[in-house]
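Please open the model in your viewer and keep the selection panel at hand.

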Amino acid sequence: MPALVNYTGDDEFYPGVSFRANPIDLGRLYSIGSHVDIYSPPCKRARISSPFLCGIAELEQNKQPSIDVLPDECLFEIFRRIPGGKERSACACVSKRWLMLLSSIRRAEICKSNSTAADSETTVNVSDDVEMVSCDQNGEIGGDGYLTRSLEGKKATDMRLAAISVGTSGRGGLGKLLIRGSNSVRGVTNVGLSAIARGCPSLRALSMWDVPSVGDEGLFEVAKECHLLEKLDLCNCPSISNKGLIAIAENCPNLNSLNIESCPKIGNEGLQAIGKYCLKLQSISIKDCPLVGDNGVSTLLSSSTSVLTRVKLQALSITDFSLALIGHYGKAVTNLVLSSLQHVSEKGFWVMGNARGLQKLSSLTVSSCRGITDVSLETMAKGCTNLKQMCLRKCCFVSDNGLISFVKAAGSLESLQLEECNRVTQSGIVGAISNCRTKLKALSLVKCMGIKDVASGMLVSSPCSSLRTLSIRNCPGFGSASLALVGKLCPQLQHVDLSGLCAITDSGLLPLLESCEAGLVNVNLSGCMNLTDKVVSALAGLHGGTLELLNIDGCRKITDASLVSIAKNCLFLSDLDMSKCAVSDCGIAVLSSADQLNLQVLSLSGCSEVSNKSFPFLKKLGRTLVGLNLQNCSSISSSTIELLVESLWRCDILS
């Protein structure tokens, strides 16, 4: 880069060297020769002794002219006249001062040049802290703001944001920016976010998590410059208040998705502005914001032009009034999540269901809400006629009667998930399956401690022929008697997950395997410690033609006999997990001899009886494997692992 030098005198210039008023400089210039064009007034030759002249020469060498002596205002005017993004990126590499000055230039302030060539892709480092990226010459990836950048932890600094702003602005800038955490010493502040706003007006999605130093000023700049913003995600941003959110609402009319979590300064005023100005808002999620109440939520939902389809309200101080408005005005809502609403009673859910406004609701999740009772649950089923997915978590007042009534009333229900609903018993589960008509496809029970294994004499009159997926996980009271009963009710199962059911035995699982007419595809029996080879042999014999995934992790009574059955009968098995099973080298040898097997993932973690002798068999299996887990296989040496890594170069090996 050419150096700028000091100039004193009038405005007349001549080609050659710069004018110097110092008489010593004049004496030096005279000695150059007649071929150099200069300007100077007539004067006498300076009389200077030789030693003093040498000292002055050394002083002049140490005092080189520099562009850094120019004030920021002058550099700003120079930088905004730089023609292309590649040149601006190069200038940003000079110093942090230049970088920050370049990042302060708005896109509209850059002087356009008709002769500017297309930028080429380049990546350069600015000190040890910043990465500069300019755009591709031929690709349009940056032309309309399609670039995505993510900064996490200690890499999230203002300098990096400034570098991203300068480096991506040549072709339209960023489309999506994610900031996860912040550097503890030089974290992201309003300066960095303002740089992004000025350089990237095409920004469409902004997500900031755990950024305590960014406040309203940063959002003001985003609102001022990024009018195309569509998605805003703020999590744990304590310095952002209603003022920043109001600015976004007033200047970003295209906003269609808003997520606010743990922002203690955002309340009703900000949400009211969003409801008033952001008429395209389709998704709203608010969690743990103590200032948000009924007034803010009601404004979002009560607008006649509301097109909200996804609503998620968690840990808020709203009351029955908000749920009544949701039930009345949520005509476009398809997905609704309500969690930890401690001030909402049974009346709120009852009114929401009776309002009959949630006709398009297809997915409902309710968690840790005391207002969910048997009565309110049935009312919501009757009011939400198109409900297909229902998830109840930690709803301690829902009993067997409420569950059965809900299933009877929800005529479109396809998926039902119960988690930690401890008043639901075996009778409720059997009743729900028997009364789900012909549409229920998936049933999931997780940590339901109220289910006890009781031998029941009830008649199974109407099995559920539509149920394809059954997941019962970590329900310690669910034993063989319950499983045998459920198995008779579900003849068309294809996906079964019984992980963590340590109480079930062969006698409980065999009836389920025998009653499945469609053929099982995915089976997860991890943690079922009492199962033996008899079950695996029956599974392989009955469903070997359809089985694709089998997980028997932790079934310590499973031996090589199971591998013999798998090798003989399973034609399409691609994923097999036998971690911590009692299999040995002989079983691996039999498995490798099955030519019809096309295993892609094999896990033998914790199989202490598998040793170095299995090397040739694993190598043979490796022709199709893409994943092999040999962790905690104490009998396999590190040298054997190295040989496997060399031989199975296509396979990802964990050891």
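A residue is called buried when its relative accessible area is under 20%, exposed when the area is over 50%, and partly exposed in between (1.4 Å probe, protein chains only). The model is a predicted one, in which local features need pLDDT of at least 70, side-chain atom pairs count only at pLDDT 80 or more, and totals for chains, interfaces and linings use all residues. Residues are numbered from 1 along each chain as its sequence is written, and side-chain values use heavy atoms, with hydrogens and water left out.

**Confidence**

Colour the chain by pLDDT, the predictor's confidence in each residue, from 0 to 100. The protein chain averages 83, and 82% of the residues score at least 70. Select residues 1–40: the pLDDT there is below 50, and the stretch has 40 contacts in the model beyond near neighbours in sequence, a contact being heavy atoms within 4.5 Å. Where pLDDT is low, the predicted coordinates should not be read in detail.

**Gly 450**

Select Gly 450 next, in the loop between strand 14 and strand 15 (469–473). Helices (H or I, at least four residues) and strands (E, at least two) are DSSP runs, numbered from the N terminus. Gly 450 has a relative accessibility of 14% and therefore counts as buried. Setting aside residues up to four places away in sequence, Gly 450 touches Asn 422, Val 424 and Thr 425. Thr 425 is 25 residues from Gly 450 in sequence, while their C-alpha atoms are 5.2 Å apart.

**Helix 16**

Now select residues 426–434, which form helix 16; seven of the nine are buried, so the helix is largely enclosed by the rest of the structure. The buried residues are Gln 426, Gly 428, Ile 429, Val 430, Gly 431, Ala 432 and Ile 433. Their cover includes helix 15 (400–409), strand 13 (415–419), strand 14 (442–446) and helix 17 (480–489).

**Asn 242**

Move to Asn 242, in helix 9 (residues 242–251). Asn 242 is buried, at 13% relative accessible area. A polar atom of its side chain lies 2.7 Å from the backbone nitrogen of Gly 267.

**Helix 23**

Finally, select helix 23 (residues 638–647), where Thr 640, Ile 641 and Leu 644 are buried. Viewed down the helix axis, these buried residues fall within an arc of 100 degrees, so they line one face of helix 23; the arc is taken from the directions from the helix axis to the C-beta atoms. Turned away from that buried side are the exposed residues Ser 638, Glu 642 and Glu 646.

Key. Polar contact = N/O pair within 3.5 Å; in protein donor to acceptor, adjacent residues only side chain to side chain.
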